[in-house]
Amino acid sequence: MARATQTGQQTTAGAVGGVWKKDSVKDVAESVGIANLPDEVAIALAGDVEYRLWEIIEESIKFMRHSRRTRLKVEDVDNALKARNMEPLWGFASTSHLPFKKTVTPTGIVYSVEDDEIDLNKVIKGDMPSVPRDISFTAHWLAIEGVQPLIKENPSPAELAKLAPRTVNAAGAGVAAASGVPGTQTGGANSIVTPLVKHVLSRELQLYFTRLTEALGRAGGGASENKAAALGSVRSDPGLHQLVPYLVSWGGEQIASHLDDLGALERALDLFHAMLDNPTLFIEPYLHQLTPPVLTCLLTSALPPAPPGSNPTPLTIRTSAASLLHLLLDRHSSAYPSLRPRITKTLLRGLVGKDNRSLGGRWGAARGLSGIVGEEGGNKAVREWIGGGLKTLGELMEREEEIEEGERSEVVRQVLAVLTSSLLPSDTSDASPASPDIHELHDRYGPLFGDAIGANWEKKLPGEGDFVRVSGRDIYEAVPGSQQGEEEAGSPMKMV
């Protein structure tokens, strides 16, 4: 009844004179096939149409006001129609304001949008726009061995400088230290630190890191059980990938600050071994942090002698470091071709260098080389470096003091093992010449290595692998020694 009353009121208003005329209703009726529509029906329909239009306009104004605008848009009308579950207008939306032009016609005033007239002759005779390029893909080098090439696809140095982290004073570092993230350190009052990348660790991982480092850093009664449990967890737990940078940093700090503690060095190396044994940990991005501590354990001369009957010994530490280094090279040298040559050169300098070396450091360098030179392609280079300077190396070793009994003979045996590993079966001949005079061996290799080669003339010397076992005669035939080696090898001892 309320709707009927409203319709009646609008009909009466339409009879008096509304916005929507009855002639418009009759035109629409004739367009859909209804002819001779009575005036009373047309007046009633005109009033109802005007009422519906007012409802849509009021709803559109609400959307306009909620959008903080003072100009009504087509989108507001569309939203009003959608709110009343009606189909929106099509073909009227525009991103720019369209001015309407007022036109007076015999039937009344008409408002329309002014359209530009297009001359088809000019369009036909004009130049056609260029055809857009097809979608394609190209490849470029983002970085080559850690160095970004200067090409247009990569950001320029100026753009990289804008993205570089800014340094802050020590006050900002205190906030980082208070965050509880392991591995965060602060300096003095005037120290300058670089803000770290935000790396949020859960409380569980922080507690795990604290308990793990306590178990590995503790020595004494009951420490072996805690150490075994901690290493077993690192070796098998699949959820430790966020702790990898902190564990690598902690192990490196342990080695750098505890060179006089063989137990601490052993625990740090065991931690690195356990991380490499875990197949879920991605170690490759941290090779540049993992390799220097391992080389330090191999080449340092600061390892103290172990008390009689104690474990570990310096020999055990260097053997564990050599095993870890070989494991790193076996897994990652194919992805980084320059890794093996750089480490080989470092070990060669540690073996034949003249500046403040020790017998223990030379043994560690030889132990590390023995597992590298067995690979194909590196044999000749190592043979020329070491074999050409055996006499000079022996003289240096004779002047160095033995910390443990028999240490010098162990170094000689390990150097011969390196030469044995560097020899391939094709490097030796089938002839069996007689053993040369001992004076000739001394002139060629020096007394220290000459006696060892003469004593093992026919005896097979053990190499790094069982596939290579040669005798002193094989070394004599393949390694020229100081008579010819310094000329052929470019005097390696002088190079170092």
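Reader: Which residues does Arg362 contact, leaving aside its neighbours within four places in sequence?

Author: In this predicted model, Arg362 is in contact with Gly350, Leu351, Val352, Gly353, Arg357, Leu393, Leu396, Met397, Glu400 and Val411, its neighbours within four places in sequence being left aside. Arg362 itself belongs to helix H15, residues 359–370.

Reader: Why is Arg362 called buried?

Author: The term buried requires a relative accessible area under 20%. Arg362 has 0% relative accessibility, and therefore counts as buried.

Reader: Why is Arg413 called partly exposed?

Author: Partly exposed covers the range between buried, under 20%, and exposed, over 50%. Arg413 has a relative accessibility of 42%, so the term partly exposed applies. Arg413 is located in helix H18, residues 407–422. The C-alpha atoms of Arg413 and Phe449 are 9.0 Å apart in space, while the two residues are 36 apart in sequence.

Reader: What makes Glu114 an exposed residue?

Author: Exposed means over 50% relative accessible area. Glu114 reaches 56% and is therefore exposed. Glu114 sits in the loop between strand E2 (108–113) and helix H5 (120–125).

Reader: How much of the protein chain counts as buried?

Author: Of its 496 residues, 35% count as buried. The secondary structure of the chain comprises 22 helices and 6 strands.

Key
Residues numbered from 1 in each chain as written. Predicted model: local features only at pLDDT ≥ 70, side-chain atom pairs only at ≥ 80, totals over all residues. Heavy atoms only, no water. Helix = DSSP H or I, 4+ residues; strand = E, 2+ residues; numbered from the N terminus. Buried < 20%, exposed > 50% of the residue type's maximum accessible area, 1.4 Å probe, protein only. Contact = heavy atoms within 4.5 Å.
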